[in-house]
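Let's take a walk through a protein model together. Have the sequence and the 3D view open, and look up each residue as it comes along.

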Amino acid sequence: MKTELLFLSQEHPRRAFLGSTALGVAASALNLSAKDGDLPSRTIGIQIGAVSFVDEGVDRVLDILQERAAVNTIFLTTFTYGRGLAGRQIPGQPFPDHGAQESEEKTFHGGNYAQPHAQFYSKTPLKETRAPEHGDLDILEAVLPQAKKRGLKIICSCEDVWNRSVPNVEPTLEIDLKGRKAGTQCLLNADVRNFWTSLVTDYCQSYEIDGILFFNERNGPLLNALGASHAQSIASGRVTCFCDLHRQAAQSRGLDFTRVREGYERLDRFVQQSLAGQRPTDGYFVEFWRLMAEYPEIAAWDRLFDEGKHQVLAEIYKTVKSIRSDLQVGFHIEHVNSFNPIFRATRSYEDLATKSDFLKIVVYNNCGGERYRHFINNIGSTVFRDVPKDELLRFNNHLLNYEHEKPLDELPQAGLSPDYVYRETKRAIDGVKGKCRILPGIDIGIPTGKESRKASPEDTFEATTAGLRAGADGLIFSRKYSEMRLDNLAAAGRAVRQFKA
């Protein structure tokens with residue numbers, strides 16, 4: 001028997017098992033509907049995982065999303081092993097004012113929250129990926145009928161995040177410089193690419209969905225070695241894969257694999273000595289650039305990684321479009337794109353637009369202050385260690401075209417401004433040159449440190465308005481509904497309605 005979806009409120013306990021309620025019908029009037037097969041003219045979406053429907057009931061959740069937030073598109077997490085898109089509130093953070101008020105930290109597993117259909121996975125060894133948390137619940141089968149009755153679109157969110165509990169799969173970027181493991185999550189592995197195309201084929205052929213949103217936040221080995229993102233740790237000796245597939249790819253491009261390994265070993269020593277405060281004679285930046293000049297293979301190897309990542313994106317797009325040309329395909333552009341000008345240089349919006357119908361660009365402003373400071377602290381501990389960090393922030397702001405952000409010490413408490421949301425959205429719109437849609441991801445309650453900024457209704461209203469004012473084709477409220485307070489959702493909906501009016 002299928003797992004029943006529970007509604008944990010004492011009020012109307014059987015509501016989850018009813019059809020569309022009067023409230024749901026009324027709320028559907030707020031839906032910005034479109035012709036079949038197309039995303040609405042302005043997509044108002046939200047990221048949400050299976051656990052929210054299990055805890056609160058399908059109809060109840062859809063009522064809230066339509067009535068409060070004016071949502072017309074559900075970005076339903078169907079595949080992930082990470083807690084960013086699935087599960088309840090992460091441990092150590094306060095629960096929002098809805099849903100179950102207890103953590104499932106000890107039982108969370110992740111995987112495929114829909115029903116895998118075996119015939120689609122014959123070309124990949126990654127077959128046992130069913131998420132076990134909710135028994136035999138198929139979240140697409142549970143949500144799709146009620147969503148369709150309301151005119152809501154359903155986009156499947158699939159995230160390239162793995163954990164150690166998955167049989168025969170190594171987590172990403174956990175192969176040290178000395179290892180030669182088989183690259184079971186190496187993006188050059190045909191089995192890995194076949195898994196992703198098999199997964200999206202299964203979803204698109206087995207269910208009446210409206211498209212796919214693919215997440216892959218793997219950075220290349222160079223930036224990982226330097227800690228040149230908002231991650232808080234730097235492990236320069238555990239950043240890349242030196243498996244046989246990479247060796248073969250290097251050889252086909254005329255790269256000397258011995259030189260590549262030597263370069264990354266030298267880079268590892270540079271990073272570790274920098275973190276220890278062992279200043280080179282000519283300073284940190286000069287020594288780093290000398291290393292890059294001596295070993296151009298470092299950058300070439302990093303580019304090889306990007307080629308593998310973008311190949312996966314292209315194959316997903318081609319696969320989905322071969323099934324139904326009207327299905328929408330989008331890609332998530334990670335937050336480091338907001339902070340790192342070097343990373344920006346490797347991500348051409350115009351190129352990404354050729355393999356997507358829409359891009360979800362991360363413009364998370366509340367948690368952005370905390371994350372931006374982590375980035376400055378990281379690069380200020382290695383390559384730019386000679387530069388005072390407050391000056392480094394000001395210099396980086398000039399490179400990024402940011403004018404109204406707070407000083408380094410104030411960033412976590414202040415967050416980033418609505419002007420940041422506006423500028424990054426506008427930059428993306430200008431970058432794609434009309435070749436695909438831009439849907440900025442709006443921060444609603446994304447977890448931050450104890451002393452860092454928390455989302456308020458005013459923040460949410462202003463960020464939502466800034467994205468729309470920049471000319472966005474819609475918005476995606478992020479990271480996930482199970483982290484969001486209802487008053488923040490209502491503020492987002494108010495901004496959408498006022499802007500439309």
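What follows starts with the whole protein and then goes to a few places in it.

## Before we start

This is a predicted model, so to speak a computed one: local features need pLDDT of at least 70, side-chain atom pairs count only at pLDDT 80 or more, and totals for chains, interfaces and linings use all residues. Residues are numbered from 1 along each chain as its sequence is written, and side-chain values use heavy atoms, with hydrogens and water left out.

## The whole protein

The protein has 18 helices and 9 strands. Of the 501 residues, 58% are buried. Here is how that word works: buried means under 20% relative accessible area, exposed means over 50%, and partly exposed is in between (1.4 Å probe, protein chains only).

The accessible surface comes to about 20200 Å², and carbon and sulfur atoms hold 50% of it. Such areas come from the Shrake-Rupley method with a 1.4 Å probe, and for residues only the protein chains shown count as cover. Now for contacts, meaning heavy atoms within 4.5 Å. Take the contacts with a separation of 6 or more: 80% of them are between residues 24 or more positions apart.

## Salt bridges

Side chains of opposite charge can pair when their charged atoms come close. A salt bridge is counted when a side-chain nitrogen of Lys or Arg is within 4 Å of a carboxyl oxygen of Asp or Glu. How many salt bridges does a search of the whole structure find? The search finds 34.

Next, are Arg344 and Glu424 buried or exposed? Both are buried. Their side chains form a salt bridge of 2.8 Å, N to O. This pair links distant parts of the chain, 80 residues apart: Arg344 sits in helix 11 (residues 341-345) and Glu424 in helix 16 (residues 418-432).

## Around the end of helix 16

Glu350 forms a salt bridge with Lys435, and their closest N and O atoms are 2.8 Å apart. Glu350 is in helix 12 (residues 349-353), while Lys435 is 85 residues away in the loop between helix 16 and strand 8 (437-443). Glu350 has a relative accessible area of 29%, so it counts as partly exposed; Lys435 is partly exposed at 46%.

The loop between helix 16 and strand 8 also holds Gly434 and Lys433. Gly434 is exposed because its relative accessible area is 71%. The C-alpha atoms of Gly434 and Glu350 are separated by 9.0 Å, though the two are 84 residues apart along the chain. Lys433 is exposed as well, at 55%, and its phi is near 55 degrees, a positive value in a residue other than glycine.

## Inside helix 16

Thr425 lies in helix 16. Which class does Thr425 fall in, buried or exposed? Thr425 is buried, because its relative accessibility is 0%. Leaving aside neighbours within four places in sequence, Thr425 is in contact with residues including Ile361, Val363, Ile438 and Pro440.

## Two backbone spots to look up

Asn401 is in the loop between helix 14 and helix 15. Its phi is near 65 degrees, a positive value in a residue other than glycine. Asn401 is partly exposed, at 46% relative accessibility.

Now go to the peptide bond from Ser478 to Arg479: this bond is cis, with omega near 0 degrees. Arg479 is in the loop between strand 9 (474-478) and helix 18 (486-500).

How values were computed
Helices (H or I, at least four residues) and strands (E, at least two) are DSSP runs, numbered from the N terminus.
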